[in-house]
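Dear colleague,

Please find below the structure that I am handing over to you.

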Amino acid sequence: MLNHRPEFLFRYISKRFFAAIALVALMVISLPTQAQDNSISGTVKDSSGAPVPGATVLEKETQNGVITDFDGNYKLILSGDNATIVISFVGFATQEIEVGSQATINIVLQEDIELLSEIVVIGYGSVEKKDVTGTVAKVNEEEFNKGIISSPEKLLTGKVAGLQIETAGDPGGGSSIRLRGISINGQNPLFVVDGVPLSEGGVTGGRNPLNFMNPADVESITVLKDASAAAIYGSRGANGVIIITTKNGTQGKLKVGYDGFYSISKFTKTVDMLTPSQYRDAIFDKAPQEIDNLGEASTNWVDEVLQIAQGQNHNLSFSGGKKATNYFVSFNYLDNNGVMRNTRNQSTSISVKLQQKLLNDNLILSLNSKNGFTKDQFSPNVIGSALRFDPTRPVFDDSDPRFAGYYQWSDALATANPVASQDLNDQNGNTFRTLSNLQLEYKLPFLDGLSLKANLGYDRNYGEYHGVTSEFEKSNVINNRGISVTDQTNLRTSFLSEYYANYKTIIASIDSKIDVVGGYSWQDFNSEFTQLSGDNATEIDGVLVPTDTTATRPSTVENRLISFFGRASIDIKDKYLLTASLRRDGSTRFGEANRWGWFPSAAVAWRVINEDFASGLTGLFSELKFRVGYGVTGNQEIGNYLYNTFYKFGEPTAAYQFGNEFVNTLRPVGVDPDIQWEETVSTNFGLDAGMFDGRLNYSIEYYIKNVNDLLFRVAVPAGSNLSDQVLTNIGQVENTGFELTVNSVLFDREDFRWDLGFNVAINSNVVKKIDNNTDPNFGGYNVTGISGDVGQTIQVLKAGEEAFAFKTYQQQYDESGKPIVGSLLEMYSDVNADGQINELDLVIGESPNPKLLMGITSNMSYKSWELGFTLRANTGNYVYNNVASSNGYFEQLTDRVTNNIHISAYETGFKTRQLHSDYYIENAAFLKLDNITLGYNFDKVKFGRIKAYVTAQNVFTLTGYSGVDPEIFNGVDNNLYPRSSTIILGINASF
Amino acid sequence: MKKIFILLLTVSTFSCTDLNLSPADAFVDAVVFDDPESYRSYMAKVYGAYTLTGQNGPAGDGDISIVNDEGFTSYIRAYWKAQELTTDEAIIGWTDAGIRDLNSMTWSSENQFVRVLYYRIFYIIAYSNDFLTQSTPEKLDEHGINDEWKAEIAIYRAEVRFLRALAYWHALDLFRNVPLLTKITTDLPTQATPQQLFDFIETELAEIEPTMVGAKANEYGRADKAALWMLQAKLFLNAEVYVNQDRYSDVLLALNKITAAGYSLAPNYFELFMADNDANAAAEEVIFALNSDGKNTKNYGNTTFLVHAAIGGTMTDGIVDGTEKTTGDGTEVKDPTESVDNYGVGGGWSGLRTTKKMVEKFGNPLDSSTWDPRNIFYTYSHDLEVTDLGTFEDGYAVPKFINVSSQGDPGVDLDFPDTDNPMFRLADAYLMYAEAVKRGGSGGDETTALGYINALRQRAYGDNSGDITAGELTLDFILDERVREMYWEGTRRIDLIRYGKFVGASQETWPWKGGDLNGVTVDDKYIIFPIPASDLNVNKNLIQNTGY
């Protein structure tokens, strides 16, 4: 079975690959050919007289068209008589001119105020930006992050006020996303790709479930931030909604784009462990009994497990369209090696988007298909052991033949040689995901403004993981396990079926526009998982088959959402805007009595700028709008079947012996049958302003966001339920904050333009309730494990505190400011003054949640040059330096075997491990230059445009944090995959 | 594409408002209990809950989530720590949050090891209660269970009630004032008095006795009448502590049934703690054991803990029992497979050792030739004194439980031992008999008592050289003999309390008691553990134990 998988995948992909090639070929062939020679030429300029390069000049009702060159010149060979040409360019009003007998036509394009008001996709519809009533942020392609971008959410980091995205350091790594503060369950926003809401989570064998998408396909991303905007997505809207819109083909002849880069990445920081010579000194000073046991080598273990990593990316796109058909097809290949040896992410994606108009353009069929095949190579996380391993030991040593030439300690629990762990583990994953949907829109010919829409979607994500651990790997040697094998497969599928109607009309009598949408949605999610693992594997017909096998019972879970939704907007005199939406969601995740929930919202906006009394402001302001929104959203990311006591059999490894029989155990899980929707109620006040003819736009927001009936796994009175903790609607978490977003065009001269965007968000978080809290001694729910010891935690969830605040002992310091080292009573503050230091003396303090997030995006162009960068800052975020706490004490020098230690031991003087000292809680505010790109556009390239660029990614970090990297989502700096710095050389061509 | 399109259309036609989904691999009670085998599986869960920590071995899908590490949630691991680390028998070198507070008697109501012990006890109680609710005769009729199975399930019910009574005994012993629940209820539980708990256990055991399978007649691993008698004996022996009652005659009533049931002492003391103790001659002595298996019952508690935590340092570094292996020319040779040969595991966890105070019970601590032959001490490179809790070489190691069979073979797995944990064994019955007689119980006599004690000593010494006289058989001697015979088997705290030597005016001290290197006296409140703050926090009916 194992050896069939890759073959199956290969067939699957190749089939689709050739289908896509055939499709493109067909389109290329069917392009019209031109034979006639009556031509027209001229120059396109804007109202200031500057040439407009890149404008489209199209012969009306044909595919015959050209694009103006760098000086605004064009020449078009017309295909027929009595031609009309259509001249268009983004930001300008489209013009049509009858050619007649003219041979030269010079055109002056007029800026189009209406067009400048962008269209914003808001879920089941779109609105003009000026008509938006909720808090909606739109990020366009020009503002996206540059660099190695393996999945679309990484385009957004730092771009939206209040949206925190932290990406893991491994190649193709996953992102942790949080919008407007933190709650406790399911933090990620809902992703909606071309109308299809994605299920949360990924499959085994893959690093990031969004890697299947080609980020270059993304045209724009809209973030629905407040509940009045997100409530249309009901029970999945509580953490916001990220709507991704991908590129469409546009009318005109075939456009081909290529973007390729080569990258080189390196870990550029240093880790504060002792160098080999410092280490020898430490042994002489602190553990002289080990002097004779010092090794001969000088090994920098961190360097040994890292590498300089190369990568490359190739993206090819074809797009175009005829009268009723347009198409967009893209291929992408990304090969991205990690800075840790044996880590790699290779991703191949193919996407196709077709649009066909039928029935006098009244029926629009859109077919989208995005397919990604991702190969991930993993490596065990050896950072911790690389830090700890005695630097006087060599990597290779053959004195103990059991370990295949690697130096190893024979003590079972001593740190394993990290290089051996990397070399002796072979861990690979393959994932294949396809997201396809068919959308039909029918404009009823007999009722202007009414259209019916259907959206049928299919999301299939298949992953497999194959891991082999050599018989020479240390723990297999010690436990005599031979070769170990783990095989996992995971298939997640989702079907979407939704239907809705949209009616737009103008009621002239009250000078109002009305836009109503209503519909029904059905989405089903299925996940199947299998695992087979075992030891003492032998090769049979080229496949490793374990003899001591453990098979996990295959598990299948399914859940379903059924929804009815509606939204009505009215725009009175272009001054008063009202929007109300209502969604009713039904979910299989709750018991029959609580299955259905209502999610209402309402918002009003007042465009002061259009009031008569504001006419004096129009010189300065181009927009002035106040908004108030209120809405209820939900969260249902809580797992399945938690409302009913289900009995489940255990794995065969957890059986119990009666006589000579091992009996499978049967276990029910304790539940609260009354669990229901977790509701988030939020209110938002906003101001949108535009100044200086729209060259300066800013928005200010204030929000209050309350998660009521927070689902929390709370302790039950002992003995009163089948589990010690049961998921119940009990808690309450509040986030409040301000946001400021500024977008400006600082310069807009003939050969110099500078766009600058700035966003800042301030958030404060508090857990208002977590349980019924009747005992003052109860220290809250301890969460977030740390390394250095078994079963230790560092954070807490407790009423009155920030979510995930750190819980530590207060370190006592001597006059010179050094931590006191002595008995526990001397070292720590005896908070309850009972003469003992125990759990009751732990104090809840700072949290990892940033109080302020900031992002700056700058794009400059001067003649042929372009320079862009993204700066990002967090403040008020604290980190627990677990690297220092778990290694920074002198006893570790001789713990079981000789080990390296963290240099902080010299600062603290700690002899023993002090994991819970608040000494290790550090302010981790930072400013990062995420990426900077310099590009050059080559002039006078006849057939199209070529741009060469160089990008640096993760350029510098300014921080007071003593560890390697202050940006740590959960606030625990612990064996993290190191983030590298990257240089990219790329070329971008289109013709 | 076409296929997908058809699929989508098919799906869309299903669109409706059906929100009833059931898991594919789990069942509601109405379904699962139609199959009589399910009752056996459910009972296996209740037995298994004393050793396993979840539905996946060795860890995964844990039963208890209120502490961070699933391994900590093992019943026997938590129980053993509470009964041994709090005494002179064992100290631990680890720094898991709160673990040293057991050694130093500075635990609080937030101590995670106290907490997990409490929740484990109530986990067993809750599952037992649900089992009993699901298996009433009426329910069995509803499920259409046939008569043959009904008779079998009636026995299961008795055994589950036994397991519940055992858990309640632990609750009474360790926490004293806990709720008494016999069914799952949403009502807030209220605390029972110690007398109510005591009476409940006593009544339950009396009620189920006729239904329990006769001594030695049940399948291996399942409790029988003799296990029940042992529990009765232990409850009554400590009745003065629990409810201030003299029940020593009842102790003897129960023990007399055991001694008449055909058990015999294992010929070789050490085989009681070996990987094949379910099959070797020691099985004749074991009355009730918690089973372990390296392949099918994997967990990080029970004997996995007892074997691994007790070894480390030079024990697994090429040194055999204090004697270095040397080659012909006298150079030391380290044998990397040492730990496998001696202990049947890949390596040690370097945690548990003993104190000088315990070694003294075996003879002159500095002269191993004087030690009682039952000692299983590893002294090479170890100091007698424990000056640093964190140094494994401080304090003698006690590799009493090992994963090696009586034939010298390691267990099937080098990580997860096959060694069963003998919870109740005949030697304990002998010792309790002597103590009950000495404490004035009727139904026994001193001669028999002396015979039992000397039987233990003859097994230890291999002859009668270790025999004691009637005059030497004092209550204090019995307490010390309990150390020599029963050390590290989880009874020491109970014994010290019964003798008034744990806390109170006549308390003894030992290294690290009260957090002091030499030991200091501690407050009387430590006679029992506090109700965990996490339970007080959600149950306003509960009143904290005095002093906490």
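Chain A has 991 residues, and a compact globule of that length would have a radius of gyration near 30 Å; the value for chain A is 31 Å, which agrees. Along the principal axes, the C-alpha atoms of chain A fill a box of roughly 100 × 65 × 60 Å. The chain contains eleven helices and 49 strands.

Please bear in mind that this is a predicted model. The average pLDDT of chain A is 90, and 95% of its residues score at least 70. Residues 1-36 of chain A, however, have a pLDDT below 50. In the model, this stretch makes 38 contacts beyond near neighbours in sequence.

In chain B, one pair of helices may be of interest to you. Helix H3 of chain B covers residues 37-48 and helix H6 of chain B covers residues 112-134; their axes come within 10 Å and cross at roughly 165 degrees. Because angles over 145 degrees count as roughly antiparallel, H3(B) and H6(B) are roughly antiparallel to each other. The crossing of H3(B) past H6(B) is left-handed.

On the side of H3(B), the contact is made by B:Tyr39, B:Tyr42, B:Met43, B:Lys45 and B:Val46. H6(B) contributes B:Tyr123, B:Ile124, B:Tyr127, B:Ser128, B:Asp130, B:Phe131 and B:Gln134. Of the residues in this contact, eight are nonpolar, two are polar and two are charged.

With kind regards

Technical notes
Residues are numbered from 1 along each chain as its sequence is written. Chains are lettered from A and ligands numbered from 1 in the order in which they are written. This is a predicted model: local features need pLDDT of at least 70, side-chain atom pairs count only at pLDDT 80 or more; totals for chains, interfaces and linings use all residues. Side-chain values use heavy atoms; hydrogens and water are left out. Axes are lines fitted to C-alpha atoms, for helices over the stretch in contact, and angles run from 0 to 180 degrees between N-to-C directions. Helices (H or I, at least four residues) and strands (E, at least two) are DSSP runs, numbered from the N terminus. Angles under 35 degrees count as roughly parallel, over 145 as roughly antiparallel, 65 to 115 as roughly perpendicular and the rest as oblique. A crossing is left-handed if the near helix is turned anticlockwise from the far one by less than a right angle, and right-handed if clockwise. Contact means heavy atoms within 4.5 Å. Ala, Val, Leu, Ile, Met, Phe, Trp, Tyr, Cys and Pro count as nonpolar, Asp, Glu, Lys and Arg as charged, and the others, Gly among them, as polar. pLDDT is the predictor's confidence in each residue, from 0 to 100. The radius of gyration is taken over C-alpha atoms; the globule rule is 2.2 Å times the number of residues to the power 0.38.
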